[in-house]
Amino acid sequence: MSQTAKTRVLTGITTTGTPHLGNYVGAIKPAIEASQDSNVQSFYFLADYHALIKCQDPKRVQASRLEIAATWLALGLDTDNAIFYRQSDIHEIPELMWMLSCVCAKGLMNRAHAYKAAVAENEEAGDQDPDKGITMGLFGYPVLMAADILMFNANKVPVGRDQIQHIEMARDIAGRFNHLFKGQYFTPPEAVVSEKGEVLKGLDGRKMSKSYNNTIPLFVSDKKLQKLVRKIKTNSLEPGEPKDPDTCTLFQIFSAFAIDSEAAAMRQQYAEGIGWGEAKDRVFEYLNAHLSAPRERYNALMEDPGHIEAVLQKGAERAREEAATTMDRLRSAVGLGRFV
């Protein structure tokens, strides 16, 4: 089959917040480019099961799912070529997660960055229980991510650098399952990190993240975008003094969107001592010009949730067709197949 010969690319975004520039640079942009490549079979999903790990606000999860779906469609996701779906519409994914949990070593999960960070926070706070407040959802998060990837035997998974560990864990789990059940059931996935895909910094110079409340949403109004760009933290160097672009959040955001020649020209202006006010105006104007057309499409989509729902239902049908076949094979492999 020609479909199986195609490179398979899969990615998703957790539905707890409004998509921001960091999401776009790290995951959405390379994913959308792949969706338009007829030599690639792309899988894109709204990671709404993942959302429940951190967010127990149903309205926030529901709103975020709509915003993220509208974002990807507005930015040009090719849903004829790509398979676009909600994670929660594919009931086989939690079933696969359980199978993978039964072969995944607890020690592997103990090394997960998010879990270790939560334990360290408890220890720093002097809590007697290092696992205080840590749910099994947080602890088992990498197994759910492995199920997302392995369900469709993705070859490549575009991720930010902070997610590489999870892809390596998915490879480990796939290898363990293949070994135990004596077959090539899963393809080991590879992480794909864009050369520009370093973790984008936010308004305060830390990683751009919903949890730090330092993001620049993709489709805010032009006035709000200008206000946020002006809030980006810079140093106290005066106009005329040379500035270092390599330590500057403003330059990093600009160069993540700009082509190489534009970034080189801005770098030269930093050397010549461009003032921070002028630099922020340049970055705002550049971002606003690039985001204005998709912003219009996004606003129109947000007014038509029925269209978005129809697109996702179509994607879920395509995804479940494959997931059901895969799970039949896996059930037989582990001894849960039908008797006749």
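A salt bridge is a side-chain nitrogen of Lys or Arg within 4 Å of a carboxyl oxygen of Asp or Glu. The views below are taken from a predicted model.

**View 1. Arg 86 and its salt-bridge partners.** Arg 86 forms a salt bridge with Glu 309, with 2.8 Å between the closest N and O atoms. The pair links distant parts of the chain, Arg 86 lying in strand S3 (residues 83–86) and Glu 309 in helix H14, 223 residues apart. Arg 86 also meets the side chain of Asp 89 in a salt bridge, at 2.9 Å from N to O. Arg 86 counts as buried because its relative accessibility is 8%, whereas Glu 309, at 32%, counts as partly exposed. Asp 89 is buried, as is Arg 86.

**View 2. The salt bridge between Glu 322 and Arg 8.** The closest N and O atoms of Glu 322 and Arg 8 are 2.6 Å apart. Glu 322 belongs to helix H14 (residues 305–334) and Arg 8 to strand S1, so the pair ties together parts that are 314 residues apart in sequence. Arg 8 is buried, its relative accessible area being 8%.

**View 3. A network of salt bridges.** Glu 95, Asp 328, Arg 331 and Arg 338 are linked in this network. The whole structure contains 17 salt bridges.

**View 4. The largest pocket.** The volume of the largest pocket is about 1,300 Å³. Its lining comprises 41 residues, with Lys 54, Tyr 141, Asp 162, Gln 163 and Lys 207 nearest the centre. The lining residues divide into 18 nonpolar, 17 polar and six charged. Among the elements that each supply at least two lining residues are strand S1 (7–14), helix H2 (21–35) and helix H9 (164–180).

How values were computed:
Residues numbered from 1 in each chain as written. Predicted model: local features only at pLDDT ≥ 70, side-chain atom pairs only at ≥ 80, totals over all residues. Heavy atoms only, no water. 1 Å grid on protein atoms, 1.4 Å probe; cavity = no way out; pocket = protein on both sides within 12 Å on 5 of 7 lines; lining within 4 Å. Points joined across faces, edges and corners; volume = space filled by probe spheres on them. Helix = DSSP H or I, 4+ residues; strand = E, 2+ residues; numbered from the N terminus. Nonpolar A, V, L, I, M, F, W, Y, C, P; charged D, E, K, R; others polar. Buried < 20%, exposed > 50% of the residue type's maximum accessible area, 1.4 Å probe, protein only.
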